[in-house]
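Hello,

I am passing on the structure we talked about handing over.

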Protein chains: 2
Amino acid sequence: MSGSEFSSQVDISSLKVACKDCNLYQLCLPLGLENDDLERLDSIIKRRRPVKRHAFLYQSGDIMKSIFAVRSGSFKSYTLTDDGTEQITGFSLPGELIGLDAISSGQHISTAKALEMSHVCEIPFEKLEELSNAIPGLQRQLLRIMSKEIAHDQSAILLSKKSAEERLACFIISLVNRYEARGFSAKEINLTMSRVEIASYLGLAVETVSRVFSRFQQDGLMSVNRRSIEINKIDKVHILAGTKPSTN
Amino acid sequence: MSGSEFSSQVDISSLKVACKDCNLYQLCLPLGLENDDLERLDSIIKRRRPVKRHAFLYQSGDIMKSIFAVRSGSFKSYTLTDDGTEQITGFSLPGELIGLDAISSGQHISTAKALEMSHVCEIPFEKLEELSNAIPGLQRQLLRIMSKEIAHDQSAILLSKKSAEERLACFIISLVNRYEARGFSAKEINLTMSRVEIASYLGLAVETVSRVFSRFQQDGLMSVNRRSIEINKIDKVHILAGTKPSTN
DNA sequence: TTTATGTATTGATTCAGATCAATGATCTAG
DNA sequence: CTAGATCATTGATCTGAATCAATACATAAA
């Protein structure tokens with residue numbers, strides 16, 4: 001009844017979760033850390049306010065002071081062409097780090113925008129650098145995460161050789177794998193991005209994305225209703241994508 | 001006259017260069033290190049034998065024990081499709097690190113093959129990890145290099161939205177920028193990769209690459225003779241590529 | 001409810017680039 | 001030096017996806 005601690009109950013409850021209690025622990029930066037080390041990492045992390053749908057986490061050109069870990073929700077990263085068109089370079093899901101591309105220049109080269117109401121942990125980069133020097137396990141995990149991002153981006157480069165169907169299949173498989181790793185259902189996906197955004201990421205026209213979704217549905221691979229997708233024949237999607245079932 | 005130290009003069013002379021005397025110092029891992037630190041890094045690096053044209057540096061599936069710095073020459077990195085087609089994910093020039101994508105899984109996910117007679121420095125990864133924990137400047141530089149690779153790969157992702165002309169222009173600009181940073185002429189380029197390899201990287205057919213080169217030549221942007229290219233109107237190439245002159 | 005307004009689907013037409021095909025140039029092995 | 005292989009260029013045709021265009025659906029506002 002006193003009110004204040006309930007006034008924004010949801011936010012506070014999620015904001016207060018420490019790394020050790022976070023269900024993303026095994027995916028995120030703290031993986032492998034224990035006790036003291038974990039708490040030291042915890043102590044430099046700022047739990048940020050929720051990020052509203054369509055709000056920026058940072059914009060292209062901003063000085064990079066922090067990187068961010070997605071706690072909940074999702075983000076898109078993009079740059080703009082001369083004529084102002086968004087060119088999406090990636091989507092970020094819970095447990096993933098955003099902003100790693102800015103370390104080298106110290107400035108963000110892309111813009112990160114929330115696709116839905118989201119929460120992030122802000123990790124001041126200077127402190128992270130210091131700390132990962134003091135904690136070998138943290139350095140190790142940071143390098144691994146960056147390496148994983150490199151590997152992921154390289155597999156995205158291969159998209160440009162593929163047909164529209166292959167591209168969309170690859171995209172869906174990537175989402176499924178990532179959601180699975182986070183303990184979400186692999187069968188039902190709720191897309192948080194629009195067709196336009198998917199098209200931009202895959203280098204296709206919106207209409208093509210829409211058509212391919214329809215074709216996938218006709219062929220019984222999945223049921224598609226706007227942004228909710230139920231996958232019926234994941235093995236066939238894997239075949240289309242040209243990925244072995246279980247690649248991450 | 002005693003012989004042995006001259007028996008393979010060229011190799012030895014290049015193999016013996018320490019980091020501090022290497023002309024790639026400012027591009028490579030040692031950047032920012034001095035004296036002791038530099039020598040400690042130097043001490044873990046193995047100068048490898050020259051890598052012959054078409055020889056593998058590592059193959060997909062190999063355990064990742066080391067990463068490599070290109071000292072001279074060039075490499076392509078690729079994966080194979082089910083039907084055995086090479087899918088090139090990148091080219092590596094002197095001063096660049098190869099194998100960073102394997103840190104996360106501990107296994108190489110791509111194959112690296114020399115495009116010409118090349119030299120590399122082999123950097124045992126475990127030792128590098130240890131050492132970069134002891135030397136803050138080294139950790140810093142390693143993170144920067146990985147971040148740069150992420151940024152580079154993300155710009156390559158954008159290729160899939162571009163036309164054939166834009167793709168080839170981007171490719172040429174990228175080469176020019178990288179060669180320039182290494183002190184080579186920006187006007188004359190000697191491609192070390194075939195048209196097939198360029199096509200694979202850009203997601204185009206060989207014939208298209210060839211045709212676009214011809215068109216560039218007709219339009220007076222550059223003189224193209226097989227693998228040697230002389231760029232006449234770099235600003236126009238930049239416009240095509242959609243990059244500001246001087247982006248790196 | 002009706003009216004917007006953004007988002008998604010579907011159809012008709014066009015076009016950039018793939019594919020098929022042939023020739024020429026360069027390189028390598030004998 | 002020649003024969004065969006590899007690599008690059010150019011032309012003709014075909015096709016997958018872009019573009020143009022219209023409609024449907026959904027969410028929000030009036």
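The notes below cover a sheet in chain A and then the protein around DNA strand C. Please keep in mind that this is a predicted model.

The sheet

Chain A has an open sheet of four strands in the order 1-8-3-6, with antiparallel pairing. Strand 1 (46-47) and strand 6 (97-98) of chain A are at the edges and have a single partner strand each, so one side of each lacks a neighbour in the sheet. For strand 6 of chain A, the pairing with strand 3 (residues 66-72) of chain A is antiparallel and runs over two bridges. Leu97(A), in strand 6 of chain A, is the bridge partner of Ala69(A). Helix 4 (residues 125-134) of chain A lies across strand 3 and strand 8 (119-124) of chain A, at about 65° to strand 8 of chain A.

DNA strand C

There are 17 residues around DNA strand C, and those that come nearest are Arg195(A), Arg211(A), Ser214(A), Ala164(B) and Thr208(B). Of the atoms of DNA strand C that come within 4 Å of the protein, 63% belong to sugar and phosphate. By class, the surface near DNA strand C consists of eight charged, six polar and three nonpolar residues. Helix 8 (206-218) of chain A and helix 7 (206-218) of chain B each supply at least two residues of that surface, and helix 8 of chain A gives the most, with four residues.

- Ser210(A): a polar side-chain atom lies 2.8 Å from a phosphate oxygen.
- Ala205(B): a polar backbone atom is 3.2 Å from a phosphate oxygen.
- Arg211(B): a polar side-chain atom lies 2.9 Å from a base oxygen.

Regards

Technical notes: Residues numbered from 1 in each chain as written. Chains lettered and ligands numbered in written order. Predicted model: local features only at pLDDT ≥ 70, side-chain atom pairs only at ≥ 80, totals over all residues. Heavy atoms only, no water. Pairing = 2+ DSSP bridges. Contact = heavy atoms within 4.5 Å. Axes fitted to C-alpha atoms, helices over the stretch in contact; angles between N-to-C directions. Near = heavy atom within 4 Å. Polar contact = N/O pair within 3.5 Å; in protein donor to acceptor, adjacent residues only side chain to side chain. Nonpolar A, V, L, I, M, F, W, Y, C, P; charged D, E, K, R; others polar.
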